[in-house]
Amino acid sequence: MSDDDVSLAGRVAIVTGAGAGLGRAEALALAGAGASVVVNDLSESAAVSDTLSEIRALGAKAEFVAGSIAERTTADALIRTADEAFGGVDIVVNNAGITRDRMLFNMSDEDFDAVVAVHLRGHFLLSRNAATYWRGKSKAAGAPIYGRLINTSSEAGLLGPEGQANYGAAKAGITALTLSAARALSRYGVRANAIAPRARTAMTEAVFSAAPEGEVDPLSPDHVARLVAYLASPAADAVNGQLFVVYGGMVALMAAPVVEQRFDAAGGQWSAGDLAATLGGYFAERPAGQTFSASALLDLG
């Protein structure tokens with residue numbers, strides 16, 4: 001594989017939530033590979049200024065668009081800025097996110113709506129705008145074009161954490177949104193994939209312990225950013241509609257759900273008693289409290 005296969009020279013990327021943390025690392029990785037980057041965050045800040053300065057120090061171009069990604073106007077401004085400032089949009093990395101952790105019985109309407117708005121609606125708005133843009137470009141060219149959509153899901157979307165009903169639901173939705181986008185856009189040359197990262201950021205500081213001293217930090221956002229830069233590159237043209245768990249030096253490709261057990265009614269129709277006997281007997285053999293979950297698969301060490 002040549003350097004050209006992983007180079008993003010001449011490409012234009014949008015990264016949401018890129019003022020700090022994982023988004024910042026992703027923006028820098030894309031810029032380091034040669035892309036011009038449109039950075040998004042809620043508002044201009046010292047952290048945003050530092051991110052823009054570091055991108056430019058790498059010899060790449062950068063622009064900033066302020067605003068919540070849950071708002072249609074922000075998604076519109078991001079596509080418009082990339083097109084007007086840099087001549088197009090090749091790569092979209094949906095990263096921005098928030099948490100409002102509560103047990104289900106303590107969760108307010110506002111806690112649920114805020115998380116779903118930023119994560120799921122935010123991913124939808126920019127993905128839809130990019131999809132519309134890329135489809136138009138492909139139709140105008142009469143051929144497939146270059147497009148990369150990288151969405152940020154989470155293991156929470158597979159596990160359903162008890163204190164994150166809002167976050168887990170939104171992240172599961174993002175995985176489904178990505179799969180739908182991959183199927184709808186592949187004919188236009190676009191590749192859409194999702195990542196489920198483990199990274200030490202401001203949003204996860206209460207979850208992970210402090211970074212180790214004097215050794216490689218397995219939860220550094222830089223590990224995740226390298227996978228994002230690869231997925232954004234020409235080298236990943238054969239990768240589409242996939243979900244990767246990533247942290248440290250580990251990338252795990254998640255398999256699609258499988259049927260664990262099939263139950264068929266004699267004569268093609270269940271009675272209440274038969275259902276109780278068949279399903280009840282099956283679940284009686286399971287450990288108490290075991291739920292539909294990918295937790296065993298995600299014990300990745």
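Author: Gln164 is buried, with a relative accessible area of 18% (buried means under 20% relative accessible area, exposed over 50%, partly exposed in between, with a 1.4 Å probe and protein chains only). This is a predicted model, in which local features need pLDDT of at least 70 and side-chain atom pairs count only at pLDDT 80 or more, while totals for chains, interfaces and linings use all residues. Residues are numbered from 1 along each chain as its sequence is written, and side-chain values use heavy atoms, leaving out hydrogens and water.

You can find Gln164 in the loop between α6 and α7. Helices (H or I, at least four residues) and strands (E, at least two) are DSSP runs, numbered from the N terminus. Leaving aside residues up to four places away in sequence, Gln164 touches Thr99, Asp101, Arg102, Ala156 and Ala169, where contact means heavy atoms within 4.5 Å. Take Arg102: 62 residues separate this one from Gln164 in sequence, yet their C-alpha atoms are 6.3 Å apart in space.

The buried residues of α7 include Asn166, Tyr167, Lys171, Ile174 and Leu185. Among the elements covering them are α5 (109–141), β5 (147–152), α6 (156–159), β6 (190–197) and β7 (243–247).

With 15 residues, α4 reaches 21 Å, close to the expected 21 Å. Thr74, Leu78, Ile79 and Phe86 are among its buried residues. So is Ala77, whose relative accessible area is 13%. Ala77 and Gly67 are 10 residues apart in sequence, with 9.2 Å between their C-alpha atoms. After α4 comes Gly87, whose phi is positive, near 90 degrees.

Now for how some helices pack. Two packed helices are described by the angle between their axes and the distance between the axes. Helix α2 (residues 21–32) and helix α3 (residues 46–57) have axes that come within 9 Å and cross at roughly 15 degrees, so α2 and α3 are roughly parallel to each other (angles under 35 degrees count as roughly parallel, over 145 as roughly antiparallel, 65 to 115 as roughly perpendicular and the rest as oblique). Arg24, Ala27, Leu28 and Ala31 of α2 meet Thr51, Glu54 and Ile55 of α3.

Helix α2 has another partner too, α8 (residues 221–231), packing at an angle of about 45 degrees with the axes 8 Å apart. That makes α2 oblique to α8. Leu22, Ala25 and Leu30 of α2 are among the residues making this contact, and Val224, Ala225 and Val228 are among those from α8.

Stepping back, the protein has nine helices and eight strands. Buried residues make up 45% of its 301 residues. Of the contacts with a separation of 6 or more, 70% come from residues 24 or more positions apart.

Key. Axes fitted to C-alpha atoms, helices over the stretch in contact; angles between N-to-C directions. Expected span 1.5 Å × (residues − 1).
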